[in-house]
Amino acid sequence: MSQATGKYLIIIGLLVVLVGIFVYFLSDKLHWLGRLPGDIRVEKENFRFYFPITTMLLLSGLLNLLIWLFRKFMN
């Protein structure tokens with residue numbers, strides 16, 4: 001492994017820790033996540049089905065923006 005690989009692994013690890021801290025301390029404020037308009041929820045007596053389409057699109061867009069910013073400023 002090269003030094004660049006180690007640098008990227010450290011950055012990814014720090015990002016995972018930051019996301020974990022964010023979720024841990026703000027979990028009571030994130031109750032809307034997975035319940036946005038467009039998220040599919042079917043709940044019956046013995047059956048539950050969740051397909052959070054809007055939430056996945058939102059998180060995907062944010063992740064793509066972060067990756068784009070990371071690549072732009074790392075070069």
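Two strands are said to pair if DSSP finds at least two bridges between them. Helices (H or I, at least four residues) and strands (E, at least two) are themselves DSSP runs, numbered from the N terminus. With those terms in hand, let's walk through this protein chain together.

First, a word on the source. This is a predicted model, in which local features need pLDDT of at least 70 and side-chain atom pairs count only at pLDDT 80 or more, while totals for chains, interfaces and linings use all residues. Residues are numbered from 1 along each chain as its sequence is written, and side-chain values use heavy atoms, with hydrogens and water left out.

**Overall form**

The protein chain holds 2 helices and 2 strands, arranged along the sequence as α-β-β-α. Its radius of gyration, taken over C-alpha atoms, is 17 Å, whereas a compact globule of 75 residues would come out near 11 Å (the globule rule is 2.2 Å times the number of residues to the power 0.38). Along the principal axes, the C-alpha atoms fill a box of roughly 55 × 25 × 25 Å.

Of the 75 residues, 7% count as buried. Here buried means under 20% relative accessible area, exposed means over 50%, and partly exposed lies in between (1.4 Å probe, protein chains only).

**The hairpin**

Strand E1 (residues 40-44) pairs with strand E2 (residues 47-51) in the antiparallel sense over 5 bridges. The two strands form a hairpin, with 2 residues between E1 and E2. Among the partners across it, Glu43 is bridged to Arg48 in E2, and Arg41 stands opposite Tyr50 in E2.

**Thr55 and its surroundings**

Thr55 sits in helix H2 (residues 53-74). It counts as buried because its relative accessibility is 5%. Leaving aside residues up to four places away in sequence, Thr55 touches Leu33, Gly34, Arg35, Leu36 and Asp39, where a contact means heavy atoms within 4.5 Å.

Trp32 belongs to the loop between helix H1 (3-26) and E1. At 36% relative accessibility, Trp32 is classed as partly exposed. Ile21, in helix H1, is also partly exposed, with a relative accessibility of 42%.

**Contacts and charges across the chain**

Looking at contacts between residues at least 6 apart in sequence, 15% join residues at least 24 apart. As for charges, the mean positions of the 8 positive and 4 negative ones are 15 Å apart. Lys and Arg count as positive and Asp and Glu as negative, with His and the chain ends not counted; each charge is placed at NZ of Lys, CZ of Arg, CG of Asp or CD of Glu.
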